[in-house]
Amino acid sequence: MRFSKSFIPTLKEVPSEAVIPSHILMIRSGLVRQVSAGIYTWLPLGYKVLRKIMEIIREEMNAIGGQEFHFPGLNPKEIWEQTGRVEAFGDILFQIKNREYVLAPTHEEIVAFHAKGSIVSYKDMPQIWYQIQTKFRNEPRPRSGVIRGRQFIMKDAYTLDKDTAGLDVGYALHDKAYRSIFDRCGIKYFIVGASSGAMGGSKSEEFMVKSSAGEDTVAYCEKCGYAANAEVAESVAEKALHHAESKNVYEISTPNVKSIDELCSFLKIEEHETAKSRIYIHDGQPVLVLMLGNDEVNETKLTSVLGGVVRPAHPDELKEITGADAGSIGPINFPHRTIADNLLKDGNNLYSGANKNDYHIGGLDLKRDAPKIEYFDLRTTESGEKCIRCGSTLEVFKAIELGHIFKLGTKYSEALGVNFLDENGKEKPIVMGSYGIGVDRVFACFIEQNFDEKGIVWKEPLNPFDIHLIGLNMKNSLVAENCERIYIDLIADGYEVLFDDRMDASAGFKFNDADLLGMPVQVIVGEKNLKDGKVELKNRRTGEKKIVELHRLLDQLQEPI
RNA sequence: CGGGGCGUAGCUCAGCCCGGCUAGAGCGCUUGGUUUGGGACCAAGAAGUCGCAGGUUCGAAUCCUGUCGCCCCGACCA
């Protein structure tokens, strides 16, 4: 493709609306343009890459027996009301003003609609139905470029099975297909077991990419692959000590000591010898939550342990409940329920608050002094702690969800009455699975993982072009003529070539555009080398250059630069 | 939805606090010329209802009120 005739609007300056690298580079290199918050146009070069991603997805979905559909984006609202999801999605669901339609944020309802009355026998299953299509969600806050948009492209697939054993098979096939898809796209990802949330259903896995632009926090072990959402992640951490000799409880005056840090430096003790108290209100009743040292309470774990509604106590409630302000609260003589983190079990000679302002206690023996205490895993996992599976070091970081596979079960088939007859002539609801991939996110994540200070660094197979042919000074007839011939030869040899044939752009301008656009190989044709019958090859990723004989160009391209 | 920031030429931004000639710069664009191995140079030029509406004032990009949009943090997130 000739650059001079292409719409590739590159930008020298960093667009003000973009913050993360992929977003900045997608705009600067003319791949996308924003139309409104969370709404983007894919420009030709970007759409070319997007099509490559979609084609990989298509191939892998077809390989597991998937059949491609094209479901409507516009859905009757009625069908969404039948599954209760108008309410479940709430404001996220776009609703059409002048007709009773909604813009589909996903397609379980429509799949169930088509299955109903058509998939009527156990002999009709299994089925794998999928599509690659635009989805609409009224996100309250779109962000990070195409990573979270109000309109985005999703590959969504659905399995229809007669029983859960069949569902297990379909789920495993998708797990395999997803690994192939992300592997082929050259993306570094990991897999997290997750809760299914508002989709309904049981088992699910998320395919994640590490990124500071991510919306989930996960704990990950590089060595064994253990990965979990930080809300549920477990780790091995050092327990509180149990000393042979248990001291008696004694009061210590600690004026103005409010935090564990201050307590440690005031008493010259280790964090590990202290027990921190936090007060929560659980269904209206106070609960003291005791943590070892400075460990943070994981409120998701706390909520799942307690059930019901849990919130931190307000500062003015603390005094009323404990007799002291935050910083001096402790478990001794606390008149309400007390729960503690597992790490504190059997701990003794601990320091904690005295429930009296400006006083702490020493010699706390939990078994002896707070016998009714209950122990649970309540702590927030932090980077550097040990993996519960292999003992290696865990890392905690932000991540982007690229794909999600669910075992839905019969939620939608029951709601919409999608039944079949089994081997015994008995009517049963179809068992469904649902599987999504954020196609634009694959694109953005690839860039997040493949760029440098000059621009994007594409690699096979997503690169929009194989070769960026740069003609320096196209007004020089020697350069122009040779470029034209090279361009034709490269295409004839099967390469996809972007030919920078612009007459008026200076050399430096072209070099910088080429680095920004990031094709894997640059073929640089200038008067200097051409006089000796040579051209230059540059490897975009390594920056390495090689001067080669023009007549040996095609051979040289076969070899690493 | 809570907190913060921004809206002036196609892009990046200055001017606004402290109201006052004809609203600026760089990049980009047009024309002509000179250049051509790392974002060239000279000359001439086109281009803005200062987001929108209302108000205060002799006078508003600038002050006030409202409104819309965009970005960031948080909440939310199949």
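Which residue forms a salt bridge with Arg148, and how far apart are the closest N and O atoms? The close-up views below take up this pair and several others. The structure is a predicted model, in which local features need pLDDT of at least 70 and side-chain atom pairs count only at pLDDT 80 or more, while totals for chains, interfaces and linings use all residues. Residues are numbered from 1 along each chain as its sequence is written, chains are lettered from A and ligands numbered from 1 in the order in which they are written, and side-chain values use heavy atoms, with hydrogens and water left out.

**View 1. Glu139 and Arg148 form a salt bridge.** The closest N and O atoms of Glu139 and Arg148 are 3.1 Å apart, where a salt bridge is a side-chain nitrogen of Lys or Arg within 4 Å of a carboxyl oxygen of Asp or Glu. Glu139 is buried, with a relative accessible area of 8%, whereas Arg148, at 22%, counts as partly exposed; buried means under 20% relative accessible area, exposed over 50%, and partly exposed in between, with a 1.4 Å probe and protein chains only. Both residues belong to a network of salt bridges that also links Arg143, Glu215 and Arg441.

**View 2. Arg379 and Asp295 are joined by a salt bridge.** The closest N and O atoms of this pair are 2.8 Å apart. The pair links distant parts of the chain, with Arg379 in the loop between β20 (374–376) and β21 (395–409) and Asp295 in the loop between β15 (285–292) and α8 (299–306), 84 residues apart. Here helices (H or I, at least four residues) and strands (E, at least two) are DSSP runs, numbered from the N terminus. Both Arg379 and Asp295 are buried.

**View 3. Lys52 meets Glu496 in a salt bridge.** The distance between the side chains of Lys52 and Glu496 is 3.4 Å, N to O. Lys52 lies in helix α2 (residues 44–63) and Glu496 in the loop between α13 (477–492) and β28 (497–500), so the pair ties together parts that are 444 residues apart in sequence. Glu496 has 31% relative accessibility and counts as partly exposed. A search of the whole structure finds 36 salt bridges.

**View 4. Helix α6 covers residues 164–184.** At 1.5 Å a residue, its 21 residues should span 30 Å, which agrees with the 30 Å between its end C-alpha atoms; the expected span is 1.5 Å times one less than the number of residues. Among the buried residues of α6 are Gly166, Leu167, His174, Asp175 and Phe182. Just after α6, Gly186 takes a positive phi of about 75 degrees.
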